[in-house]
Amino acid sequence: MSHETVKGDAFENLLREERQFAPSPEFAAAANVKEGIYAEANADRLAFWAEQARTRLTWSKDFTETLDWSDPPFAKWFVGGEVNAAYNALDRHVENGLGDRVAIYFEGEPGDTETITYADLTERVKRAANAFEALGVAKGDRVAVYLPMIPEAVVTMLACARIGAVHSVVFGGFSSEALRSRIDDAEAKLVVTADGTFRRGKPSPLKPAVDEALAEDGHTVQHVLVVRRNKQDVAWTEGRDLDWSEAMASASPEHTAVGHDSEHPLYILYTSGTTGKPKGILHTTGGYLTQCAFTHSAVFDLKPETDVYWCTADIGWVTGHSYVTYGPLINGATQVMYEGTPDSPHQGRWWEIVEKYKVSILYTAPTAIRTMMKWGSDIPAKYDLSSIRILGSVGEPINPEAWMWYREVIGAGKAPIVDTWWQTETGAIMIAPLPGVTSTKPGSAQVPLPGIAVDVVDEAGAAVPNGHGGFLVVREPWPSMLRTVWGDPQRFKDTYWSRFEGMYFAGDGAKKDDDGDIWLLGRVDDVMNVSGHRLSTTEIESALVSHPWVAEAAVVGAADETTGQAVVAFVILRGEAELPSGEGADAEIIQTLRNHVGHEIGPIAKPRHILVVPELPKTRSGKIMRRLLKDVAEGRDPGDATTLADPTVMQKIAADLRK
């Protein structure tokens, strides 16, 4: 990673944003949190978090100390307290008379549905906890979870949390090698998987990857529990493989949840690195649950009695942990869980689901929003989206044009947009507007949440003034922070705490605008040096997408003998755009877009090459793999593309570039 000073052109010229949208007086008056919460948190940060912990969670034993920071960077939050995640997500709602409230509306990809109440979900989790214990899983043991977006995924995670086992969810799109490396690193005793799932109308297998991962000896897995989801024939290893429904049927529906220490490990989640040993991010119980519950309530203004909430993330990612499994259920929310893709069986599938369940809070990724933009506004226009009152964005910076489309087309010009910044490592949202308080600004995550100390600093670790850019850091410990890298405390220190003395460095560049609001600029290594000028890929992408012809853009810096790096852009055009036609139209489109970037940022930022492509290389979670684009732009074979949602994309792009 480059540690040159992050300043200069990219950060001074960032697209300026004059548009602001204040909450309506009605929304502000009814909002869960009011303006005064910032002052309250600033006056005594630890007292603020202690209050959140005690009001949002039910503790089986109260804590005696809010934060022990005696051995930084190793934090202990809510010391001495004991709490059970599953009890907080389930049993206590049933005990409080909410057993009949819907916890999950499940919508399968083939169109099968299930309505699961809190009472139903509690019984399923109790049975699963008993079944896991019967298989020898005890407190502290690790369980690998390799499942599609089906209710059993949430049941498995909560059953592990209930008995104090540590879950390690591996995204169902990962290969058998990736699965095996994660099983080995965590020394998992049990794997929970499914025969398969459905993808774009066809059965898609999962269990064969587990069989392949466990084909060679030397692993720690004793049993594989298999959910029969798509009813395909799968290989069966007698004695090791067990049928989920049979195991649940024979398990007792009674199980008493006991409190676990606040710092007891809750889960490991591996961040996907392209090289080296996987990095297991460890989250513990009390602090993580506290920040998940607070942020889910405050950022989404959740009204559990009336809202229907839908986070479109897969449980294989941290967003699915914090804002599908833990935050919503601890807060007693009703949520939608959808197994499939946004374009199957048709491109209006998401909006059909919003209309059907009257979804009021939608939380999704900019990649999905830009894809919907590309498909055209006429598709969502066919559905009744009037139930929507809050829109959320997560996963990467959202460019202003996509933000405005989301607000106008999906939110009818009135739903506040909460653009959230956080990471696997932070565990929960760190920067976001509060919808009843903040005047939102297209493209900016804006302000750290109450009780969170985020800053933008220069090379020396000093805060930069408004209007300047630098490195995004967290100055004070926060409840849901990662505690370590599993089995490797030195790597934890080296990776996150060695760059700036006493500060967590996130690896992201950011800018404070003239109002002091924070703009994320992507990874620090996504900053290019063109003829001595520092240019942010995020900024050039935003400039391209601000043109009415462009739906989506990815920008990389390719090595160049003359300028050091040259800007290479890959763009997808909007389906509904009125484009030039006839001879020379392609050249006209490219020249127009180059000039547009020059006008928005400056001549130095004009892309050397612009390639119009039908699709960008994306992982199944929707992240654009810029590394592969850089390989192609520099004339290298992009290599293994099997983790992409469409592995053929790279061949098409490489062929086009050669032309």
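Student: What counts as a helix or a strand here?
Tutor: Both are DSSP runs numbered from the N terminus: helices are H or I with at least four residues, strands are E with at least two. This is a predicted model, where local features need pLDDT of at least 70, side-chain atom pairs count only at pLDDT 80 or more, and totals for chains, interfaces and linings use all residues. Residues are numbered from 1 along each chain as its sequence is written, and side-chain values use heavy atoms, leaving out hydrogens and water.

Student: OK, where does K623 sit?
Tutor: K623 is in the loop between β30 and α19, the latter spanning 626–633.

Student: And what does UniProt say about K623?
Tutor: An unreviewed entry annotates K623 as "modified residue: N6-acetyllysine". Such annotations may be inferred rather than shown by experiment; positions follow the numbering used here, and feature names are shortened.

Student: How exposed is K623?
Tutor: K623 is partly exposed, with a relative accessible area of 47%. Under 20% is buried, over 50% is exposed and partly exposed is in between (1.4 Å probe, protein chains only).

Student: What does K623 touch, beyond its neighbours within four places in sequence?
Tutor: K623 is in contact with G395, P617 and K618, contact being heavy atoms within 4.5 Å.

Student: Switching topic: how many disulfides are there?
Tutor: A search of the whole structure gives 0 disulfides, that is, pairs of cysteine sulfur atoms within 2.5 Å. For C292, the nearest cysteine sulfur belongs to C311, 11 Å away.

Student: Are C292 and C311 buried or exposed?
Tutor: C292 is buried at a relative accessible area of 0%, and C311 is buried too, at 3%.

Student: Now α18. What span should it have?
Tutor: Helix α18 holds 16 residues, 585–600, and should span 22 Å at 1.5 Å a residue; the expected span is 1.5 Å times one less than the number of residues. Its end C-alpha atoms are 22 Å apart, which agrees.

Student: Which α18 residues are buried, and what covers them?
Tutor: A585, I589, L593, H596, V597 and G598 are buried. The cover includes α17 (537–545), β28 (550–560), β29 (564–573) and β30 (609–612).

Student: What happens just after α18?
Tutor: G602 takes a positive phi of about 145° there.

Student: Last one: what is the strand order in the sheet of 8 strands?
Tutor: That open, mixed sheet runs β12-β11-β8-β6-β7-β14-β15-β23. Its edge strands, β12 (241–243) and β23 (484–485), each pair on one side only; pairing takes at least two DSSP bridges between two strands.

Student: How does β23 pair with β15?
Tutor: β15 (residues 279–284) and β23 are antiparallel over 2 bridges, and T484 in β23 is the bridge partner of L282.
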